[in-house]
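Hello,

Here is the model I promised to pass on to you. Please open it in your viewer first, and then read my notes below.

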Amino acid sequence: RDGGRLGWALPLLMAIWANVHGGFVVGDLILACFAVGVLFQYRYDRSLQRHLLLWVALGAVASLLNPNGAQVVGELFTFYDSKMLANVMEYQSSWDYFMAGNYSVSLLWCLLILYGVGCCLGRRRYLPEILVVLFLAWFSLAHVRNIGFVAPAMLPLIGKSMQCAFTRFRWKSCAFGSIVILICL
């Protein structure tokens, strides 16, 4: 996080994910967003940039260690072009879901807004993370089914952005306040 050295468990986790669930392609897309952010964030620190890009590349390559290899990526696009998805509720956009009276989706939007507020107040500009969050936001807005993946993924990011805001303004956060915030989230 924030330019620190990253663990080498990522390739193993990506290989396991690729052999357990076809959604591992989402992990590859997240890694691609992170890589684009790294290219810009560390343009003056080539050593760290190379280290982080190697980490991303190893994770992406490890995800290809599955029975279908890279064919899964092509199948994903064929799947999304299928007319069958038009009648499946979980592939509705969360906006359409909201307009149909399912207002619980607005909680996800609150999480995204809370992250943005924390980043703005804390003046935290870590581009790799911001690009990942933008992808997750689009991902959850595109299909209702992705909210279950994105909402929990946002919690640590919100915590970090809010911590930066609290530190910047020297606000004291007591244990009780932290528990209340956690319960609300």
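A word on accessibility to begin with: a residue is called buried under 20% relative accessible area, exposed over 50% and partly exposed in between, with a 1.4 Å probe and protein chains only. This is a predicted model, in which local features need pLDDT of at least 70 and side-chain atom pairs count only at pLDDT 80 or more, while totals for chains, interfaces and linings use all residues. Residues are numbered from 1 along each chain as its sequence is written, and side-chain values use heavy atoms, with hydrogens and water left out.

Confidence comes next, since pLDDT is the predictor's own confidence in each residue, from 0 to 100. The chain averages 83, and 86% of the residues score at least 70. Among the elements, helix α2 has the highest mean pLDDT (94) and helix α9 (residues 175-184) the lowest (63).

As for the fold, the chain has nine helices and zero strands; these are DSSP runs numbered from the N terminus, helices being H or I of at least four residues and strands E of at least two. Of the 185 residues, 40% count as buried.

Two rings of Phe, Tyr or Trp (its six-membered ring) pair if their centres lie within 6.5 Å; planes under 30 degrees apart are stacked, over 60 edge-to-face, and the rest tilted. The structure holds nine such pairs. One of them joins F34 and W55, edge-to-face, at 5.7 Å centre to centre and 65 degrees between the planes. F34 sits in helix α2 (residues 24-41) and W55 in helix α3 (residues 46-63), so this pair ties together parts that are 21 residues apart in sequence. F34 is buried, at 13% relative accessible area, and W55 is buried as well, at 12%.

The rings of F98 and Y103 have centres 5.1 Å apart and planes at 75 degrees, so they too are edge-to-face. Here F98 is buried, at 19%, whereas Y103 is exposed, at 52% relative accessibility.

Now to a pair of helices. The axes of α6 (residues 106-122) and α8 (residues 147-168) come within 8 Å and cross at roughly 25 degrees. The axes are lines fitted to C-alpha atoms, for helices over the stretch in contact, with angles from 0 to 180 degrees between N-to-C directions. The two helices are therefore roughly parallel, a label for angles under 35 degrees, with over 145 roughly antiparallel, 65 to 115 roughly perpendicular and the rest oblique. The crossing of α6 past α8 is left-handed, as the near helix is turned anticlockwise from the far one by less than a right angle (clockwise would be right-handed). G116, in α6, is partly exposed, at 26%. Between G116 and I158 there are 8.4 Å in space, C-alpha to C-alpha, and 42 residues in sequence.

How many disulfides did the count give? With a disulfide taken as a pair of cysteine sulfur atoms within 2.5 Å, the count is zero. C119 is in none, and its nearest cysteine sulfur, that of C120, is 6.9 Å away. C119 is also buried, with a relative accessible area of 7%. For C164, the closest cysteine sulfur is that of C119, at 7.6 Å, too far for a bond.

Best wishes
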